[in-house]
Amino acid sequence: MRTIHPLIYDYNQGNLFSWENCLRQLGLEFRIGNSSDDLEWATHIVLPGVGHFAKAMESLIRPELIGPLEKSVFVDKKPVLGVCLGMQLMFDFSEEGDAKGLGWIKGNVRGLELKNNLKIPHVGWNTIDFVGNSIFQNMNQTAEFYFVHSYCCEPSESQNVLCSTYYGSEFVSGVMKENLIGFQFHPEKSGASGLALIQKFLEL
Amino acid sequence: MYRPRLIPILILENDVLVKTVQFKNPTYIGDPINAVKLLSNFGADEIVLLDITAGKENRLPNLSLVREISEETNIPLSVGGGIQKKEDIEKILRTGADKVILRSHALIKPDIIPSAAAHFGTSTIGVCVNFSKNWLNTYRCEKNVWNIKDPIDLALKFQELGAGEILFQDVNREGTFKGYDTMFYYQITNRFKIPIVAAGGARKLGDIQELHEKFELNGYCASSIFLYHGTEKGVLIQYPNQTEKIKLFNKRLS
């Protein structure tokens, strides 16, 4: 059997416990950390994130962190799942704190527009529409996922769009670029449908 | 499509789950860990956990209990009770909770809202506004540092300070099975830019449906509906399935 060793990447931001909880429920051996040794050990990397973009980047771009992380991503090509802020960080720039991102995926992060009396943050359960071919295309299209965010990603290259969601207008709720995957919603907080999605990622 | 949340609100007193009437006369319901586990397995949209004596006793909810509870879920968990400062929020989030709910302390030291919102993110900070009707049938909120009397004005103030969500809690109707006070919600239409959640009085799912069709709020809290079976108040933890839930919120926010 193939070994699956997810690493919950810890950069002092975000709710790691929900991921811990979720991976435990899946019965997996996992680690929480950011050392070269952790990254070496890992087969999959989860980049969680709740909080502020600019602050998260400050912790993440410390040379002792970013060097080993980018080696795993670009040299070892390990599958990475960025969630919520973790997805946004992969982009070039965010309006939240006017800060530069990791630049792994081309595009920007902008504030959600207030339309039709819809509230911001977008909090609650919503469906996602997968576009194009991916390992996720056979997922149940009526499944709902938990969103909580005020900003959303705008990839410059449409081939990076994995799925979209409607909230007043259409926005990109998932991206995929080679070994990088990002979800705007929280699969770790989305009950059974979330677990199914995480299992798909771990099959990569 | 976006769907509002149907949220079981669970009240803790001395680490057990109770049901109150107007936040008084607690009746023992059972073990909170088990209740949350069931509700989570039934596919609840979120759980709100409030420790109603924590504030008075100047303490936080039992953190190891909250941790045990959060271990049983993979759905959003919001926790309130006795939260005074940023470190308290930190402690609660470390248990695995996703959101905190501030109330009494925010009334006297509202500075916690902007500082917590900046530190943990707006969406992590919910503020509960308790309201009741006075003898003149006017809605009143609790005493606060601004001397604001109107619950809507108070909630707008919290919004301005950076609250990510407002939970309106009807103290008169809590546990009374009278249904939501729809008149109250008439006043909030189009006045907020952050999500609004209603709590207090729901007896049946139809009450939630009615409120939703009129006002399209972002969340509806109830407890008796999810805890009791029938009029004899026999305890039975229940939650509508996905199809029932979608039907309930058939009128979608556009």
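## The interface between chains B and A

In this predicted model, 38 residues of chain B are in contact with 34 residues of chain A. The size of an interface is often given as the accessible area lost when the parts come together. Between chain B and chain A, the buried area is about 2700 Å², and carbon and sulfur atoms give 47% of it.

Polar groups also take part in this interface. The rule finds 19 residue pairs in polar contact across the interface of chain B and chain A, both residues being at pLDDT 80 or more. The count of salt bridges between the two chains is 2. Arg3(B) forms a salt bridge with Glu144(A), and the closest N and O atoms are 2.7 Å apart. On the side of chain B that touches chain A, the elements giving two or more residues are helix 2 (63–71), helix 3 (86–94), helix 5 (112–120) and helix 10 (242–248) of chain B.

## Ile92 in helix 3 of chain B

Helix 3 of chain B, one of the elements on the side that touches chain A, contains Ile92(B). Is Ile92(B) buried or exposed? Ile92(B) has a relative accessible area of 1%; because this value is under the 20% cut-off, Ile92(B) is classed as buried.

Which residues surround Ile92(B), leaving aside its neighbours within four places in sequence? Ile92(B) is in contact with Leu60(B), Pro61(B), Leu63(B), Val79(B), Ile83(B), Ala97(B) and Val100(B). A separate comparison concerns Ile125(B): Ile92(B) and Ile125(B) are 33 residues apart in sequence, and their C-alpha atoms are 12 Å apart in space.

Strand 10 of chain B comprises residues 196–199, and both of its faces are covered. Ile196(B) and Ala198(B) lie on one side, Val197(B) and Ala199(B) lie on the other, and all of these residues are buried.

Strand 10 of chain B is joined by 4 bridges to strand 9 (residues 165–170) of chain B, and these strands run parallel. Within this pairing, Ala198(B) in strand 10 stands opposite Phe168(B). Strand 10 of chain B is also joined to strand 11 (residues 219–222) of chain B by 2 bridges, again in a parallel arrangement. Here Val197(B) has Gly219(B) in strand 11 as its bridge partner. From strand 10 of chain B, the chain passes through helix 8 (residues 205–215) to reach strand 11, forming a right-handed β-α-β crossover.

Notes:
Residues are numbered from 1 along each chain as its sequence is written. Chains are lettered from A and ligands numbered from 1 in the order in which they are written. This is a predicted model: local features need pLDDT of at least 70, side-chain atom pairs count only at pLDDT 80 or more; totals for chains, interfaces and linings use all residues. Side-chain values use heavy atoms; hydrogens and water are left out. Buried means under 20% relative accessible area, exposed over 50%, partly exposed in between (1.4 Å probe, protein chains only). Two strands pair if DSSP finds at least two bridges between them. A crossover is right-handed if, with the strands pointing away from the viewer, the path from the first strand over the helix to the second runs clockwise. Contact means heavy atoms within 4.5 Å. Buried area is the accessible area (1.4 Å probe) that two parts lose on being put together, summed over both. A salt bridge is a side-chain nitrogen of Lys or Arg within 4 Å of a carboxyl oxygen of Asp or Glu. A polar contact is a pair of N or O atoms within 3.5 Å; within protein, one must be able to donate a hydrogen and the other to accept it, and residues adjacent in sequence count only if both atoms are side-chain atoms.
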